[in-house]
Amino acid sequence: MDNKDAEKLFFIPFNTGGHWFLLAINPIREIVYYLDSLGNDWTTYPDMKVLIDTVLQAFRAQRDIQTSRRGANSITWIKVACPQQRNQIDCGYFMLRFMRDTLALGRLKIPTDYFDEFKCAFYTKDQVDEIKEEWCQFMIKLNVCS
C-alpha cells in the first residue's frame, strides 16, 4: 500500500481445493467481508481464518499500531448474504461476479445483505454467462490460451 492510512478494499479469491469464495478486506478498519455462494460460514475453513487474521495482525504491527490485549483480536468478520449458486460448479464465476459487483459500485463497505443494486437470491443463467464471457474475453486479451 502506497498510503498506509488510506482505506481500500483488497480482494482475495480463495480456493479451498474444491470451492471458490471471495474475501474483501479493509485492513485499516480490520474488517473481512466473507462472500460464499454455497452459504458456508467462515468457520468451515479455520485454517483460512487463522491465515487472514495473522496477515491483518502483521499489517497492524507494520503500521506500528498498539492495541490492548482485548483489542488484539478486534478483527471483524462479516458474512455477506450474497446470491447463492444452484449447482456445485459455478462457484468461481460467482466469486468473480461478487468482485465485479463490488468494484462497479466503488464502495469500501459491503452490506451484510449484499448491494441493493445487485440483490437477488440467485444469479440467472444470463448473469452467470455474462461473467463467463467477460472472463473469456479477458483471457483472450492476455493471450493466455495460445
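Which residue in β4 is the bridge partner of I31? Here are some friendly notes, with the answer in point 3.

1. A word on the model. This is a predicted model, in which local features need pLDDT of at least 70, side-chain atom pairs count only at pLDDT 80 or more, and totals for chains, interfaces and linings use all residues. Residues are numbered from 1 along each chain as its sequence is written, and side-chain values use heavy atoms, with hydrogens and water left out.

2. Strands β2 (20-26) and β3 (31-35) are DSSP runs of E with at least two residues, while helices are runs of H or I with at least four, each numbered from the N terminus. The two strands run antiparallel and are joined by five bridges; strands count as paired if DSSP finds at least two bridges between them. Within this pair, A24 sits opposite Y33 of β3. Together β2 and β3 make a hairpin with four residues between them.

3. The other partner of β3. Strand β4 (residues 76-79) pairs with β3 in the parallel sense, over four bridges. To return to the opening question, I31 has T76 as its bridge partner in β4.

4. How β3 is enclosed. Five of the five residues of β3 are buried, so the strand is largely enclosed by the rest of the structure. Buried here means under 20% relative accessible area, exposed means over 50%, and partly exposed lies in between (1.4 Å probe, protein chains only). Both faces of the strand are covered: one side carries I31, Y33 and L35, the other V32 and Y34, and all are buried.

5. E30, worth a look at the backbone. This residue lies in the loop between β2 and β3, in the turn of the hairpin. E30 is not a glycine, yet its phi is positive, at about 55°. Is E30 buried or exposed? With a relative accessible area of 11%, E30 counts as buried.

6. Y114, another positive phi. Y114 is found in the loop between α2 and α3. Its phi is about 70°, again positive although the residue is not a glycine. Y114 is classed as buried because its relative accessibility is 1%.

7. C120, for anyone looking at cysteines. C120 belongs to the loop between α2 (91-105) and α3 (125-142). Its relative accessibility is 25%, so C120 counts as partly exposed. How far apart are the C-alpha atoms of C120 and C82? They are separated by 7.8 Å, with the two residues 38 residues apart along the chain.
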